[in-house]
Structure formats: structure tokens, C-alpha cells
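Thank you all for coming; I would like to walk you through one structure this morning. Please have a look at it first, and then I will go from the whole chain to a few individual places.

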Amino acid sequence: MWPAFAADRIDINTADASMLEQGLANVGPRRAEAIVAYRRQHGPFLRVEDLTRVKGIGTATVERNRQRMTAGIRTMPAGEPPRKEAPRSVPRR
């Protein structure tokens with residue numbers, strides 16, 4: 001059986017401002033909106049520590065909420081697939 005806290009974690013990459021405000025300590029409406037705005041402008045957070053890039057969010061807030069949040073699963077964008085290296089030519093003798 002999965003631990004109870006795993007299901008209760010807030011994914012900072014998908015949560016809306018209301019969910020962030022309600023689920024995280026010391027995150028009010030302004031900070032929650034700032035998190036969502038930052039995510040829209042800069043893309044998903046790679047780690048929960050990246051929240052410190054949001055104005056008004058410091059390391060103390062991240063540490064206080066570390067067990068309450070996750071950065072979720074990140075996947076490659078649906079655009080172009082990764083490019084493969086072209087085969088190298090073999091020198092002739």
C-alpha cells in the first residue's frame with residue numbers, strides 16, 4: 001500500500017493558485033499567483049528548489065513545504081523528436 005502523504009502532495013507544475021494557497025504553508029494568494037505566472041512564463045519547475053526563483057519564495061518556504069509538494073513527472077515536449085547523430089564516415093585507405 002502507498003504511503004498516505006504521497007497522494008496528498010501538491011504538484012507545483014499542475015496545481016492552480018487556489019490549490020497552492022490552500023496546500024502550502026506561508027503561501028497566500030499573491031505568492032500562489034506568482035508561482036502560476038512564473039510557471040506560465042518559464043515552463044515547468046524541474047525541482048521543488050526551483051520555486052526560489054519566484055519572487056517572494058525563499059529557501060525557508062521551500063524547506064517548510066518540501067514534504068507537501070512535488071515537481072511531478074516531466075516529459076519531452078510533443079514537438080520534434082530528439083535528433084540522432086549522423087553516421088560518421090569511415091576514411092578510405
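Predicted model: local features only at pLDDT ≥ 70, side-chain atom pairs only at ≥ 80, totals over all residues.

**From the whole chain to single residues**

Let me begin with contacts, meaning heavy atoms within 4.5 Å: of the contacts in the protein with a separation of 6 or more, 49% are between residues 24 or more positions apart. Residues are numbered from 1 along each chain as its sequence is written, and side-chain values use heavy atoms, with hydrogens and water left out.

The protein has four helices and two strands, where helices (H or I, at least four residues) and strands (E, at least two) are DSSP runs numbered from the N terminus. Read from the N terminus on, the order of these elements is α-β-α-α-α-β. The protein has 93 residues, of which 27% count as buried; buried means under 20% relative accessible area, exposed means over 50%, and partly exposed is in between, with a 1.4 Å probe and protein chains only.

Let us now turn to helix α3. Its 14 residues, 29-42, should span 20 Å at 1.5 Å a residue, and the end C-alpha atoms are 20 Å apart, which agrees; the expected span here is 1.5 Å times one less than the number of residues. Which residues of α3 are buried? They are Ala32, Ile35, Val36, Tyr38 and Arg39, and, seen down the axis of α3, the buried residues fall within an arc of 160°, so they line one face of the helix, the arc being that of the directions from the helix axis to the C-beta atoms. These buried residues pack against α2, whereas Pro29, Arg30, Arg40 and Gln41, on the other side of α3, are exposed. Arg30 counts as exposed because its relative accessibility is 76%. After α3 comes Gly43, with a positive phi near 90°.

Finally, consider Asn13, which lies in the loop between β1 (10-11) and α2 (17-23). Is Asn13 buried or exposed? Asn13 counts as buried, because its relative accessibility is 15%. Leaving aside neighbours within four places in sequence, Asn13 is in contact with Arg39, Pro44, Phe45 and Ala71. With Ala71, the side chain of Asn13 reaches the backbone oxygen at 2.5 Å.

Methods. Polar contact = N/O pair within 3.5 Å; in protein donor to acceptor, adjacent residues only side chain to side chain.
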